[in-house]
Amino acid sequence: MSKLLLEKFPVPELRHWSAEGLDPGREVVLYHFGPSACSQKVRLALHEKSVAWTERLINLVAEENLAPDYMRINPRGVVPTLVDGPNTVFDSRTIMLYIDRNFPGPTLVPDGLEDRQVFDEWMARQDEFPIRTLTYGNA
């Protein structure tokens, strides 16, 4: 991989985000890549819900997403991936819905039909945004 790209997207130190009120034995781990739009929206959902989580950065430029250890967690080899105890969740939209249903805090997904349609439109816009997929795994 290009040294310039690796310099542009360095992998920072591991960070542990904390919040009060969650089971102290519960470990939530987010595997993500900083510049990824899908990773960004999951981080926003975790923040909005004040979820305690541990960060595991997967540098797509260095192809860390294709490493055997990560492929065992997510056979698609894409980010983000959320691990909540025994549960492993793929796909940013699915992860956001999981976070909304499984953690206390403000509701992220509106209940009313009209509001839900607006929510779905915004989610679809982001999902359809023409970004280049960096890579896929072998599954």
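Trainee: How many residues are in the largest nonpolar core, and which have the most contacts inside it?
Mentor: This is a predicted model, to begin with. Its largest nonpolar core has 18 residues. Val-42, Leu-46, Leu-82 and Ile-99 have the most contacts inside it.

Trainee: Which elements give two or more residues to this core?
Mentor: β2 (28-32), α2 (37-48), α4 (92-102) and α5 (113-128). The largest share comes from α4, with five residues.

Trainee: What does Leu-82 touch?
Mentor: Leave out residues up to four places away in sequence, and the list is Val-28, Val-29, Leu-30, Leu-46, Asn-87, Thr-88, Val-89, Ile-95, Tyr-98 and Ile-99.

Trainee: And the second core, what does that include?
Mentor: That core is separate and has nine residues. Among them are Val-29, Tyr-31, Leu-60 and Val-83.

Trainee: Switching to α2. Which of its residues are buried?
Mentor: Ser-39, Lys-41, Val-42, Ala-45 and Leu-46. Down the helix axis, the buried residues of α2 fall within an arc of 165 degrees, so they line one face.

Trainee: Why would spacing along a helix matter there?
Mentor: An α-helix has 3.6 residues a turn, so residues three or four places apart point the same way.

Trainee: What do the buried residues of α2 pack against?
Mentor: β2, β3, β4, α4 and α5. The face turned away from the buried side carries Leu-44 and His-47, both exposed.

Trainee: How far does α2 reach?
Mentor: 17 Å from first C-alpha to last, over 12 residues. That is close to the expected 16 Å.

Trainee: Backbone next. What is phi of Ser-50?
Mentor: Near 55 degrees, a positive value in a residue other than glycine.

Trainee: Is Ser-50 buried, exposed or partly exposed?
Mentor: Partly exposed, at 43% relative accessible area.

Trainee: What about Glu-63, where does that sit?
Mentor: In the loop between β3 and α3. Glu-63 has a positive phi too, about 60 degrees, although it is not a glycine. At 41% relative accessibility, Glu-63 is partly exposed.

Trainee: Last one. Is the Val-79 to Pro-80 peptide bond cis or trans?
Mentor: Cis, with omega near 0 degrees. Pro-80 is in the loop between α3 (68-73) and β4 (81-84).

Conventions:
Residues numbered from 1 in each chain as written. Predicted model: local features only at pLDDT ≥ 70, side-chain atom pairs only at ≥ 80, totals over all residues. Heavy atoms only, no water. Core = buried A, V, L, I, M, F, W, Y, C linked by side-chain atoms within 4.5 Å. Buried < 20%, exposed > 50% of the residue type's maximum accessible area, 1.4 Å probe, protein only. Helix = DSSP H or I, 4+ residues; strand = E, 2+ residues; numbered from the N terminus. Contact = heavy atoms within 4.5 Å. Expected span 1.5 Å × (residues − 1). Arc of directions from axis to C-beta.
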